[in-house]
Amino acid sequence: MSPTARTLAFLKKNGWQAGVVERTIHGRIGGKRIVFKRDLFGYGDILAWHPGIPGELLVQACMTGDASRRMTKALANGAGDRVRPGRMFCVMGWGKYGDRGERKLWHVRVLWLENPYRPEDLRMSEYRDRLPVEAAGAAPTQHIGGSND
């Protein structure tokens, strides 16, 4: 299961309506077939909204080791200028973790870009195993451990 599919399932399980906004582009260069993906605004894979939370959430899905690099890329592509009340952005990095000798389970690391009122208030927060919008007053998310796919 890809990080995008895992993130979609996680969001839907927690009451979000979500869809993939990343495009797959097929073409040819010099007789060779190429396939690449293009993110919305250069950094968004999934657009989601929740009935109890005003605004929308744009998500970049990846593996945990790429999360910081993806946040840096998003900031370079203007994510800080687009985030404001009602427009949220986060990077969800997925990885398998567990104690030695124990079954490894999927967990999510969420890097949350927050800009509640003014551009000078821009900050980044990190959450583990819960949606970042819990900080905005949404109901707590259940622990996501237990998936071994």
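F41 counts as partly exposed, because its relative accessibility is 44% (partly exposed lies between buried, under 20% relative accessible area, and exposed, over 50%, with a 1.4 Å probe and protein chains only). This is a predicted model, where local features need pLDDT of at least 70, side-chain atom pairs count only at pLDDT 80 or more, and totals for chains, interfaces and linings use all residues. Residues are numbered from 1 along each chain as its sequence is written, and side-chain values use heavy atoms, leaving out hydrogens and water.

**The loop residue F41**
- You will find F41 in the loop between β3 (32–38) and β4 (46–50); strands are DSSP runs of E, at least two residues, and helices are runs of H or I, at least four, numbered from the N terminus.
- F41 has a positive phi, near 60°, though it is a residue other than glycine.
- Most residues other than glycine have a negative phi.

**Q60 in its strand**
- Q60 belongs to strand β5 (residues 53–63), and counts as buried because its relative accessibility is 1%.
- The Q60 side chain makes polar contacts with the side chains of D39, at 3.2 Å, and R70, at 2.8 Å.
- A polar contact is a pair of N or O atoms within 3.5 Å; within protein, one must be able to donate a hydrogen and the other to accept it, and residues adjacent in sequence count only if both atoms are side-chain atoms.
- Leaving aside residues up to four places away in sequence, Q60 touches residues including Y43, G44, F89 and M92, where contact means heavy atoms within 4.5 Å.

**Helix α1 and what follows**
- In helix α1 (residues 3–13), the buried residues are T4, R6, T7, L8, F10 and L11.
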